[in-house]
Amino acid sequence: MSYTRCIPVEFNHCDPAGIVFYPRYFEMTNSVVENFFAAEVGHSFARMMAEGQGVPAARLETDFHAPSRLGDRLEFTLAVTRIGGASVGLTLTARCAQELRITAHLTLVWVEAGRPAAWPEALRSRLAAHLERVVP
């Protein structure tokens with residue numbers, strides 16, 4: 001089961017040419033992941049920080065398929081593709097009116113007290129509910 005979130009392209013996302021400046025996609029991607037953890041995994045980033053936990057990125061690979069412009073509405077879809085002992089693989093896509101704009105593959109690591117740790121069972125089971133086989 002995938003998770004979706006719409007992000008409108010705003011002026012602050014764009015370069016002088018009026019297209020999304022590529023680092024802004026990483027901010028959008030992080031926003032989707034943060035909202036996914038709060039809404040679907042039941043463990044917000046605010047809670048993680050307060051409890052000395054986190055999910056830093058260990059890997060991020062992104063393909064940019066087409067430019068996005070000011071005023072576009074990007075529909076992000078997040079799928080859990082792999083759950084390891086301390087890591088999770090995610091694939092995010094962003095589309096505008098069915099046109100693929102970006103594909104991002106992320107590996108996040110569950111961290112407690114600054115060290116990788118095994119996923120707590122409650123979080124693992126909620127992540128597993130979103131596990132999908134993503135066709136490249």
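**Notes on a predicted model: charges, cysteines and a nonpolar patch**

1. Arg 101 counts as buried, because its relative accessibility is 6%. Keep this residue in view, since the next points return to it. The model is predicted.

2. Which residue forms a salt bridge with Arg 101, with the closest N and O atoms 2.8 Å apart? The partner is Asp 72. This pair links distant parts of the chain. Asp 72 sits in the loop between S3 and strand S4 (73-83), and Arg 101 sits in strand S6 (residues 99-109). They are 29 residues apart. Asp 72 is buried too, with a relative accessible area of 16%.

3. Arg 101 also forms a salt bridge with Glu 99. Here the closest N and O atoms are 3.0 Å apart. Glu 99 counts as partly exposed, at 40% relative accessibility.

4. Now look at Arg 59 and Glu 61. Their side chains meet in a salt bridge, 2.5 Å from N to O. Arg 59 is partly exposed, with a relative accessible area of 39%. Glu 61 is partly exposed at 37%. The model has five salt bridges in total. As background, side chains of opposite charge can pair when their charged atoms come close.

5. How many disulfides are there? The count is zero. Cys 6 is in no disulfide, and the nearest cysteine sulfur, that of Cys 96, is 8.6 Å away. That is too far for a bond, because a disulfide needs the two sulfur atoms within 2.5 Å. Is each cysteine buried or partly exposed? Cys 6 is partly exposed, at 30% relative accessibility. Cys 96 is buried, with a relative accessible area of 12%.

6. Thr 91 lies in strand S5 (residues 87-96). At 8% relative accessibility, Thr 91 is buried. Its side chain is joined to that of His 105 by a polar contact of 3.1 Å.

7. Phe 21, Tyr 22, Phe 26, Leu 60 and Phe 64 make a nonpolar patch of about 470 Å². Which elements each supply at least two of its residues? They are helix H1 (22-41) and strand S3 (57-64). Phe 64 belongs to strand S3. At 42% relative accessibility, Phe 64 counts as partly exposed.

Technical notes. Residues numbered from 1 in each chain as written. Predicted model: local features only at pLDDT ≥ 70, side-chain atom pairs only at ≥ 80, totals over all residues. Heavy atoms only, no water. Buried < 20%, exposed > 50% of the residue type's maximum accessible area, 1.4 Å probe, protein only. Patch = residues over 30% accessible without salt bridge, like charges linked within 9 Å, V, L, I, M, F, W, Y side chains within 5 Å. Areas by Shrake-Rupley, 256 points an atom, 1.4 Å probe, with all protein chains shown as cover. Salt bridge = Lys/Arg side-chain N within 4 Å of Asp/Glu carboxyl O. Helix = DSSP H or I, 4+ residues; strand = E, 2+ residues; numbered from the N terminus. Polar contact = N/O pair within 3.5 Å; in protein donor to acceptor, adjacent residues only side chain to side chain.
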